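Here is a friendly briefing to read with the model open beside you.

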Amino acid sequence: MGRCTFPGVSNGEKIKMTLKILDKKDKKKILAELEKQYGITEIPFLLIQAGREKIRGYTGSLSKEEIIKLERNVNIETAGIYILNKEQDGLRLSFDAPNLLNVSKNIIEISDEQAEAWLFGRDIETEKDIKGFVIIKNKEDFLGCGKASQGRIVNFVPKERRRKN
């Protein structure tokens, strides 16, 4: 079996993933961008940044201080649910985020046929002249996030969440 290697890390060396609990200023900045991009006006979670790009939402019973103390003593790789990813050209919501947050903008309604293709992981065509990250919806169901460009929406449904057959 092959080994996963990282630049500057010797074989067998553990990599510690650091979690950063976002302060009010950082949360406010993300909320402003979410409101502009998706119409989201409230984030009912404690936001935790894992790595450089991933933001997770936490609603458990541990306080900020308890999470920080625990992280110092134990290698915590994840806490909370994955909410969004910071990309160069905007915030990309996770597959579950549209169902957890009150999304009201940049929603693309798709047909049943398109929804089936989407859930198999295929990109879909659109006649609308749109660019950037969009939320995909079929009837009452949010089906994740995609990136629209040149008449096409690129699929971001995680492989493990896609239909197999």
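This is a predicted model: local features need pLDDT of at least 70, side-chain atom pairs count only at pLDDT 80 or more; totals for chains, interfaces and linings use all residues.

- Leu84 touches Leu91, Arg92, Leu93 and Ser94, and its other contacts beyond four places in sequence are Ile30, Leu34, Glu53, Lys54 and Ile55.
- One of those contacts of Leu84, Lys54, also lies over the face of Tyr82, 4.7 Å from the ring centre.

- In soluble globular proteins, nonpolar side chains tend to be buried together.
- Here the largest nonpolar core holds 20 residues, and Ile30, Leu34, Tyr38, Leu84 and Leu93 have the most contacts inside it.
- Two or more residues of this core come from each of α1 (24-38), β4 (81-87), β5 (90-93), β8 (132-138) and β9 (141-149).
- The element that gives the most is α1, with three residues.
- Apart from this core lies another one of 12 residues, including Ile108, Ile110, Ala115 and Ile124.

**The whole chain**
- The protein chain has four helices and 10 strands.
- Read from the N terminus, the order of elements is β-α-β-β-α-β-β-α-β-α-β-β-β-β.
- Of the 165 residues in the protein chain, 37% are buried.
- Among contacts with a separation of 6 or more, 61% are between residues 24 or more positions apart.
- The protein chain has an accessible surface of about 11000 Å², and carbon and sulfur atoms account for 48% of it.

- Strands of a sheet pair through backbone hydrogen bonds, either parallel or antiparallel.
- An open sheet of five strands runs in the order β6-β8-β9-β10-β7, with mixed pairing.
- The edges are β6 (107-109) and β7 (124-125); each has a single partner strand, so one side of each lacks a neighbour in the sheet.
- The pairing of β7 with β10 is antiparallel and has two bridges.
- Within β10, Arg152 is the bridge partner of Glu125.
- Thr126 sits in the loop between β7 and β8, and its contacts beyond four places in sequence are Gly151, Arg152 and Ile153.
- Thr126 counts as buried because its relative accessibility is 17%, and the cut-off for buried is under 20%.

**The aromatic pair**
- A pair of aromatic rings is described by the distance of the centres and the angle of the planes.
- Searching the whole structure turns up one aromatic pair.
- The partners are Phe133 and Phe156, tilted with 55 degrees between the planes and 6.1 Å from centre to centre.
- This pair connects distant parts of the chain, 23 residues apart: Phe133 is in strand β8, while Phe156 is in the segment after β10 (152-155).
- Phe133 counts as buried because its relative accessibility is 4%.
- Phe156, at 30% relative accessibility, counts as partly exposed.

**Two loop residues with positive phi**
- Most residues other than glycine have a negative phi, and most peptide bonds are trans.
- Asn106 is not a glycine, yet its phi is positive, at about 55 degrees.
- Asn106 is found in the loop between α3 (97-100) and β6, and its relative accessibility of 37% makes it partly exposed.
- Gln150 also has a positive phi, near 50 degrees, in a residue other than glycine.
- Gln150 is placed in the loop between β9 and β10.
- With a relative accessible area of 77%, Gln150 is exposed, since the cut-off for exposed is over 50%.

Key:
Residues are numbered from 1 along each chain as its sequence is written. Side-chain values use heavy atoms; hydrogens and water are left out. A nonpolar core is a set of buried Ala, Val, Leu, Ile, Met, Phe, Trp, Tyr and Cys residues joined through side-chain atoms within 4.5 Å. Buried means under 20% relative accessible area, exposed over 50%, partly exposed in between (1.4 Å probe, protein chains only). Contact means heavy atoms within 4.5 Å. Rings of Phe, Tyr and Trp (its six-membered ring) pair if their centres lie within 6.5 Å; planes under 30 degrees apart count as stacked, over 60 as edge-to-face and the rest as tilted. A charge sits over a ring if NZ of Lys or CZ of Arg is within 6 Å of the ring centre and within 35 degrees of the ring normal. Accessible areas come from the Shrake-Rupley method with a 1.4 Å probe; for residues, only the protein chains shown count as cover. Two strands pair if DSSP finds at least two bridges between them.
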